Amino acid sequence: MLACLPTAPLPRRRHCLIALARGARADSTDAEAIDLGPDPGERRRMILLNDFKRQWQDVRTAVSAAVERVGASGWYILGREVEEFERALAAFTGARHAVGVANGMDALEIALRACKLEPGTPVLTTPLSAYATTLAIQRAGGRPVFVDVDASGLIDLDQVKEVLHERHEVRFLLPVHLYGHTIDLDRLRELVRDGRATIIEDCAQAIGARWKEQPVGSAGQAAGLSFYPTKNLGALGDGGALLTGDGAVARDAATLRNYGQSSKYKHELAGLNSRLDELQAAILSGSLERLPAWTERRRAIAAQYRAALRSRCVTVPRSPEGSHSVFHLFPVLVDEPTQRDDLSRHLAEAGIQTAIHYPILIPQQKALPPGSFDVLRPLVMAQRFASCELSLPIHPYLDAADVDRVIECVNGWDPRC
Ligand SMILES: Cc1ncc(COP(=O)(O)O)c(C=O)c1O
C-alpha cells in the first residue's frame, strides 16, 4: 500500500492546491500530474472525482465509430440511433418504454407533465439532491414540499407515509435514488397502493441499481435518467431519458420532447425542445455495453473503502438494506461541520479531489422564493449531510493503488476531535 504523504514543504503544497483548485469542479477533466512525492520534483497523478482523460482512452474507438456512423447517415435528429438506444435502454432497465430527451432535468419535468400534474399540486420530494430535481417540479407547475432524509441520505419513507396520510392534496411523490442507492421499492409501492398518489423516480444517479431483484425506476409511473458526463452512464455532453411502463405516458413524453408535436406541424401540447441527439444516442449505445463492468468496478471500490476506512471522526453512511447500489458517489460524514474543510484540505494536499453533495439544502436556495414551497418536517438529518458530507473519488478508472492512497490518507487524517 502506498503510504499517505507526509506534509509537504509549503511551495509544493501550494502547487498541489492550485492544481486542485483549477480542477476542482466535479466535472473536471484536468488529470494532470502534480509535484507531490517525498523527493523534490517527484510527480504523482492527481486522483480526480472523474477521470475523463483515462475514460477517453478506453472509449475513443467506439465513440469515433459512432461519430462516423451518424455523420455518414446524414440523419442527425430523432432517427435510428435514438430508437436503437431507447430499445437497448428499455431492455437494460427492465422498463417497457424509454424516451430519450435532452437531459435529466427535462426527463423529470416531462414525466410530471405526462403524468398530468396540475398547476399548484404539491409534489413531495427530498431537500437533499441536485437542485434540478426541484427545478423540474417548479417548471412543471408543481409546488415542492419537503420532508427529511434518513441515515442513508434518502427521503425518509416514514415521514412520507405520515404526510400522505395527513395531507390528501399531496398526490405526487418525487423520490431520488441518491448516491446510487435504491430507496426501498417495496415500501414505495405500498405507499401508493390505494392509487391516490403518483410516483416519479429520480434515477439520475442510479442507473442499473436494484432493490432486491427489482430494477430502480420500476416502482413509479415514470422515472428520469441523466447522462450528464459525470453520471455512471455519461454522454459526451448532455442527455437524459424517461422510463415508463405506461404507453400513454411514453406517447405524451415523446410528443412533449418535440415541441408537443404529435405529427409534423401538428402541435397537441405546449412542449419543449428536449430531444436526445442522434450523436449522443450513438455514443451512449456503445457505453451502455460497458456499464455493467463499470458498475462492478464501482462496487469493488466501495467494498474496499467500506472494509478499510477507519478514521476516528469519519462515518460511512449505511446503504439501505436490500439496495444493490451502483455507487455514483461515495459519501462520508465527518463528526463536526468544522472538520470538513480540514479533511478536504488534507486530501487535496495529497492530490485527492473531493466534493460536497450537497452543501445547501434545496429549500434554502434563493431560486425557491418564500411562499412557493412547504417544509413539512424539521430537516435535521438533511442538514447533517449538508454540513458534514464529503464525497471521495469513486469511478471505474481508479486503480487499486489510487484507492489505497485515498484510504491511507483518510485514515491518516488527524482531526483533533
Ligand atoms: C439527482 C439528480 N437529479 C437530476 C439531475 C439533472 O440531470 P441533468 O444534469 O442531466 O439535467 C441530476 C444531475 O445533476 C441529479 O444528480
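The chain holds 12 helices and 18 strands. Helices (H or I, at least four residues) and strands (E, at least two) are DSSP runs, numbered from the N terminus. The model is predicted: local features need pLDDT of at least 70, side-chain atom pairs count only at pLDDT 80 or more, and totals for chains, interfaces and linings use all residues. Residue numbers start from 1 along each chain as its sequence is written.

Of the 417 residues, 49% count as buried. A residue is buried if 20 or more other C-beta atoms lie within 10 Å of its own, exposed if 12 or fewer, and partly exposed in between, with C-beta atoms placed from the backbone. Among contacts with a separation of 6 or more, 71% join residues 24 or more positions apart. Contact requires C-beta atoms, placed from the backbone, within 7 Å.

The largest nonpolar core has 117 residues. Such a core is a set of buried Ala, Val, Leu, Ile, Met, Phe, Trp, Tyr and Cys residues joined through C-beta atoms within 7 Å. A111, L112, I200, L242 and A253 have the most contacts inside this core. Helix α9 (residues 278-308) gives the most to the core, with eight residues. The core lies between domain 1 (12-54 + 290-411) and domain 2 (66-286), because both give residues to it. These domain bounds come from an automatic or database domain assignment. Not counting residues up to four places away in sequence, L112 touches L117, A136, I137, A140, G142, F172 and I200.

Strand β16 (residues 330-334) is largely enclosed by the rest of the structure, because four of its five residues are buried. β16 pairs in the antiparallel sense with β14 (residues 314-315) over two bridges. In this pairing, T315 stands opposite L333. β16 also pairs with β18 (residues 389-392), in the antiparallel sense over four bridges. Here P331 stands opposite S391. Pairing requires that DSSP finds at least two bridges between the two strands.

Q353 is found in the loop between α10 (337-349) and β17 (374-375). Q353 is buried, because 25 other C-beta atoms lie within 10 Å. M46 is 307 residues from Q353 along the chain, yet their C-alpha atoms are separated by 7.6 Å.

The ligand is surrounded by 15 residues, each with its C-beta atom, placed from the backbone, within 6 Å. The closest are G104, M105, A132, A204 and S226. α4 (104-114) and α5 (131-140) are the elements that give two or more residues to this shell. By class, the shell has six nonpolar, seven polar and two charged residues. Ala, Val, Leu, Ile, Met, Phe, Trp, Tyr, Cys and Pro count as nonpolar, Asp, Glu, Lys and Arg as charged, and the others, Gly among them, as polar.

Definitions and conventions: Contact = placed C-beta atoms within 7 Å.
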